[in-house]
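Please look over the sequence and the structure shown here before reading on.

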Amino acid sequence: MDQLLNRLADTRPEWCMVIEVKYFLGLTDEEAAEALGLKLRTLQRTWRDARQWLFEQMEGGHADKSPR
Amino acid sequence: MPTKAHDDDLVMSLVESVLAKSVNDREAYLQTECGTDSELLSQVCTYVQWEQRMDGFLLEPIYRLNECDQPFVPADLLDGRFRIVREIARGGMGVVYEGIDEKLDRRIAIKCARIGFRRRLPPEVRNATRISHPNVCKTFDIYTATTKHGDIDFLTMEFIEGETLAERLRREPLTSDEARTIAQQLCAGIAEAHRNQVIHGDLKTNNIILSSDGDGKIRVVITDFGLASGPESAHSAAEAPEVGGAPRYMAPELWNGERPSVASDLFALGVILSELRQPRTSLAQADGRKRFWKKQLSWKRFGLRSKWERLCARCIDPNPTRRPQNADELLQAVIGPSLRQWFLAATAAVVLVAITAVVTYERGTVPLDSGRLAVIPFVNASRTPETQYLSDGISEGLINALVQLPDVKVIARSSSFKFKGDNFDIRKAARTLGAQTLLMGRVAEMNGELRITAELVTGVDGRQIWGAQYNSKISELPGVQAEISRQIALRISSKLTPSNRLKLAKATKVNPEAYALVLRGRYQMRLYTPESRKKAVEYFEQALGIDSSYALANAELGVAYRVLSASGMFSFSDAMPKAEAAAQRALAIDNDLAEAHVALAGIKKDLWDWKAAEREYRQALHLSPNLAIAHNGLAICLSVTGQYEAAIAETQHAAELDPIGLPTAIDAAAVYYNSRHYDRGLEVLKRAANLDPSAPSTWTWMGIVSAGSGDHAQAVAAYEKALSLGDNTTATQCYYGYALARSGRRVEAVRILERLKHSRSFVPRSMLAILYAGLGQREQAIQSLLSAYASKDSLLQYLNVESHFDTLRSDPRLQDLAARIGLPPSTNAASKEEHRDSTKTRRN
């Protein structure tokens, strides 16, 4: 997961940041949106996109596939 | 121009609304909302499908700010309308509050999930609002409260004053009249729910409240439809109702991951009806089954097998299709006259379903992809060294049970036991061990009572897949252990065939006292001191004194004798026949016990019977394909007989199962050494030394492999490190002497030789031959080897592959010796010479 996040930080830094504040810091959607200066719904969409990408990477092990 | 599909507000709010709907209603809702905007429809659908597929992935943060599991506190106002008064109950997953509906000014109960459990209630809970019956707690509606922990769904329900049936049963036994009234009302309530297509799904005495009606008569109210669901709705994995509650009430099909049904509710009802007469405290009696059969017999004798008894037995029939069709049928029977006989039947039913587990909680019943599982040693929560053998023993027992599953790689004990105690990072452990799932737990013991908690978590984020708590006596340990392995197998193996189930269940058929002694013995064996190993032999023999037909105790005794003989504690000629007899006894009792085949294989190898050893290792692997020690043993066995490629393949297999275990690293180094791949051997050892630089045997082998590669100075340094760490066995001293002599420190080597010659402790002749060879005393070396043969020195098995004997190899007596112990003509001689030449060249 570390490696995936490092890669994500290069290609889609905003996804990586959302994962960090949501999953590692445990912020609520509202707190995360405020912290990152995003609209609540935009934060929620980014969070879903980032989770999907990570899930696919970890489940399928398509380590070579670049983030969408 | 951006379409609506790019409007985050619209897409996300649609996704949220769709997810809050039941599966059946989603499509129609989406069609209405999205109209002809196909891009919007496709976007929303994709998000919804992904949510289902991800099943909560990453949603529970690993760290929560302001961690607390109280969703609400008194005086909170929820949704602008409901005021929290106080917490009244708390279960595994939910919290119930007393509250006031300020709009309607009435007292209500509010139920929500605890923090850390699903914050969203399944949409099917709404079904419960359909039921209106005096024996069913009225559910008003579902609301959502916005809190600092995020949105939390809660239910508002009728407030009922009274005690739970569980509390009532604990207080004192019911009278016949009370029991009958309660039984009737329970059946009536459930029948009404079923008529409304509502399944309770978690029926138990804890969520039945005994209140009183206006006339002071008992009013039974069934509450807590928190886990209920409509029978016809199709669920996806993402929203399948969580299976929870007390396992005593859980129908067998629920254990297998099936969804609750009318039949599973009737199973629970059957158990509860039985308990009305038989309070729960008498359940846990270990001899319950025996007493049950006695009673069965006496009833038959008195001709009491009644319609009642048959009905109760039908309720708890393991096959759901054989249970009563509906609760009405049960109700009619309860109203019937022959109550006395019903009570007798009820008593019988209760003993049938006595299960030791008291709580299980589950966060997903979908079997994971088969993969790699690590059993982290259970924490000894009693903190007394006395009980360490129990927590270690349970963990090892689970490993040995689960390695039998063909499609799950269970990480070997020697790797997973590196993570001990409470404080370790799950994700790091999973990464180090390469495990997708971890099984962890705690064992606490008090006055012979055990409390065992076990949980299966994902390695990637520590999310819990399954968890359970078992309260049992030490005597029930084998059963609990078998139950845990069954639960784990259900979740991680896709090949739980009947024969595998049988293997997992085998552990239950042992004498618990003997089993506890085997665990004590194993614990002593793992302390690796001569004294502890002698103690281990005593424990195994005590276990056999209780049950001489205990296969595992025989197998362990065989291993112990062999190890004690190898370390010189017992004489070879005394110990080996005993070891072999014990292993053979184990196999005569249970030919399917992998541990017994491994024990016999090791003994056969030491007795120079290569064919038998190889056969036994292969048989062990046939039975337990993922048993690392069997792969290791086979690898050594193949390498000493010159089958290097096959040996290396086995080594690699073992390394996969035991990535950081020391014994596997050492065996791998030995195999590489035997097959003259010195670089690879050193690589393995360096990795092992990085992981744990304090293990002397790593350094001893570093010395042996270095000497093999011709680097005697490096060998000397490695041996000195090993000696300083406490490995001063005679074998190590001989190897050390060899390296000293070969690196020009002859005087020191001779001093070691003199000391060993006059030593009182046992010096294997084969090892002395190594020292002689180092000193260039060929004749003495050969004579030592010949006397090693005479004393059946098991280390002679390395004769062909031991590079330290290379200078002696041209002697025909050595070749003759190899033939006599059944070794094939050495294939290494040529490569050896070549190798030495190349080293010379390098040095020049």
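Where pLDDT is low, the predicted coordinates should not be read in detail. This is a predicted model, in which local features need pLDDT of at least 70 and side-chain atom pairs count only at pLDDT 80 or more, while totals for chains, interfaces and linings use all residues. Residues are numbered from 1 along each chain as its sequence is written, and chains are lettered from A and ligands numbered from 1 in the order in which they are written.

For chain B as a whole the pLDDT averages 78, and 79% of the residues score at least 70. Residues 63-68 of chain B have a pLDDT below 50, and the model gives this stretch eight contacts beyond near neighbours in sequence. For the complex, the predictor reports an ipTM of 0.88 and a pTM of 0.53.

Chain B contains 34 helices and 16 strands; helices (H or I, at least four residues) and strands (E, at least two) are DSSP runs, numbered from the N terminus. Of its 844 residues, 49% count as buried, where a residue is buried if 20 or more other C-beta atoms lie within 10 Å of its own, exposed if 12 or fewer, and partly exposed in between, with C-beta atoms placed from the backbone.

One part of chain B to follow in detail is an open sheet of three strands in the order β7-β8-β9, with antiparallel pairing; two strands pair if DSSP finds at least two bridges between them. Strands β7 and β9 of chain B are the edge strands, each pairing on one side only. Helix α5 (residues 176-195) of chain B packs on this sheet and touches β8 and β9 of chain B, its direction making about 40° with that of β9(B); axes are lines fitted to C-alpha atoms, for helices over the stretch in contact, and angles run from 0 to 180 degrees between N-to-C directions.

Within the sheet, β7 (residues 163-164) and β8 (residues 208-212) of chain B pair over two bridges, and Thr164(B) has Ile209(B) in β8(B) as its bridge partner. Between β8(B) and β9 (residues 218-222) of chain B there are five bridges, and Ile208(B) is partnered by Ile222(B) in β9(B). The hairpin of β8(B) and β9(B) has five residues between the strands, and there Gly216(B) takes a positive phi near 80°.

Two residues other than glycine also have a positive phi: Leu58(B), at about 65°, and Arg676(B), near 65°. Leu58(B) lies in the loop between α3 (38-54) and β1 (77-78) of chain B and is buried, because 21 other C-beta atoms are within 10 Å. Arg676(B), in the loop between α25 (662-674) and α26 (678-691) of chain B, counts as partly exposed because it has 18 C-beta neighbours inside 10 Å.

In chain A, Gln44(A) belongs to helix α4 (residues 40-60) and is buried, since 24 other C-beta atoms are within 10 Å. Leaving aside neighbours within four places in sequence, Gln44(A) is in contact with Asp29(A) and Met12(B).

Key: pLDDT is the predictor's confidence in each residue, from 0 to 100. Two residues are in contact if their C-beta atoms, placed from the backbone, lie within 7 Å.
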